[in-house]
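Q: I would like to go through this protein chain with you. Could we begin with the terms and then turn to the details?

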Amino acid sequence: MKFAIIGFGDFGKLLAKLLPQNETILVVDPHKKTDTGQLHYGVIEEAARADIVFLAVPFSSMAIVCQQLAAYVKSATIVVDVCSIKIRSTELLSQYFSGICQFVSTHPLFGPNSVPVAQDAVGKQLVWCSQNTPNTQPLRDVFERHMGLHIIEMSAEQHDKEMAWIHALTFFVGRTLGEMNIPSFQLSTGYFEEMLDLVQLDNLQSNDLFATVEKYNPYASAMRELFIEQANAVHQKIEQL
């Protein structure tokens, strides 16, 4: 198997650790140039010759990358994105690769912070949003047999609805708490420390991920508005006590 990773940020680097270490991995990233170990750096034309191409770029860059890749990719290649929103990403994959090559939209529900070493990926969840493209079993084998991931098949719509609660709400609360610049205190409680964990979570996430989750999930805005509405309602109830 020949693998290519387009985009070598935090998750692209994690993918390189999780893929078979006896295989050469081609990396395409304008900021990374020097070959190291099994990693070789190249251009999109070279990546298009791989058996499996992972798109690990921010969603804001995904359309242009898909457009460039579609001009060179071969019919047997499997293109897979690992974006944290699925409706918009599946639309892009379908737009650029339908009738050209195989493609699957996925969302690994983990990252470098929860998987510091490859063995920690075993049992982690990965959402698989198939669009009935055949011959994607080699990719499933990489995820299940090699990485040990637990694949959950789900529609893009259901994924984004659930992740509006799981991602968008969590990140919004964490970012809001972070903007409050909560000071350090001599006193503390377990509940307070757990709340501060959300601030730490926000500090660990990239701005690209935050923007993707909040801006491109079509259900995220309504979730934020619901949270603000309910917070105001609770505030009003307290005022009326």
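A: Buried means under 20% relative accessible area, exposed means over 50%, and partly exposed lies in between, with a 1.4 Å probe and protein chains only. This is a predicted model, in which local features need pLDDT of at least 70, side-chain atom pairs count only at pLDDT 80 or more, and totals for chains, interfaces and linings use all residues. Residues are numbered from 1 along each chain as its sequence is written, and side-chain values use heavy atoms, with hydrogens and water left out.

Q: Is Arg-175 buried or exposed?

A: Arg-175 is buried, at a relative accessible area of 19%.

Q: Which residue forms a salt bridge with Arg-175?

A: The partner is Asp-202, and the closest N and O atoms are 2.8 Å apart. Asp-202 lies in helix α7 (residues 190-204) and Arg-175 in helix α6 (residues 156-179), so this pair ties together parts that are 27 residues apart in sequence. Asp-202 also counts as buried, at 12% relative accessibility. A salt bridge here is a side-chain nitrogen of Lys or Arg within 4 Å of a carboxyl oxygen of Asp or Glu. Helices (H or I, at least four residues) and strands (E, at least two) are DSSP runs, numbered from the N terminus.

Q: How many salt bridges are there in the whole structure?

A: The search finds six. One of them joins Glu-214 and Arg-224, with the closest N and O atoms 2.9 Å apart. Glu-214 lies in helix α8 and Arg-224 in helix α9 (residues 220-239), so the pair connects parts that are 10 residues apart in sequence. Glu-214 is buried, with a relative accessible area of 7%. Salt bridges that share partners also join Arg-140, Glu-144 and Glu-153 into one network.

Q: What about Arg-145; which residue does it pair with?

A: Arg-145 forms a salt bridge with Asp-141, and the closest N and O atoms are 3.5 Å apart. The two residues are four apart in helix α5 (residues 137-146), which separates them by about one helical turn. Arg-145 counts as exposed at 70% relative accessibility, whereas Asp-141 counts as partly exposed at 23%.

Q: Changing topic: which residues of α3 are buried?

A: They are Phe-59, Met-62, Val-65, Cys-66, Leu-69 and Ala-70. These residues cover an arc of only 120 degrees around the axis, which puts them on the same side of α3. The arc is that of the directions from the helix axis to the C-beta atoms. In general, an α-helix has 3.6 residues a turn, so residues three or four places apart point the same way.

Q: And what covers that side?

A: The cover over the buried residues of α3 includes β1 (3-6), α2 (44-47), β4 (52-55), β5 (78-81), α4 (87-97) and α8 (207-216).

Q: How many residues does α3 have, and what is its reach?

A: Helix α3 (residues 59-70) has 12 residues and reaches 17 Å from its first C-alpha to its last, close to the 16 Å expected at 1.5 Å a residue. The expected span is 1.5 Å times one less than the number of residues.

Q: Now the loops. Where is Thr-136, and what is it in contact with?

A: Thr-136 is in the loop between β7 (125-129) and α5, and it is buried, with a relative accessible area of 10%. Apart from neighbours within four places in sequence, Thr-136 is in contact (heavy atoms within 4.5 Å) with Ile-78, Gln-102, Val-104 and Trp-128.

Q: Which residues other than glycine have a positive phi?

A: Asn-135 is one of them, with phi near 65 degrees; Asn-181 is another, with phi near 50 degrees. Asn-135 is found in the loop between β7 and α5 and is exposed, at 61% relative accessible area. Asn-181 is in the loop between α6 and α7 and is likewise exposed, at 63%. As background, most residues other than glycine have a negative phi.

Q: Last, how many helices and strands are in the chain, and what share of the residues is buried?

A: The secondary structure comes to nine helices and eight strands. Buried residues make up 44% of the 241 residues in the chain. The C-alpha atoms fill a box of roughly 65 × 35 × 30 Å, taken along the principal axes.
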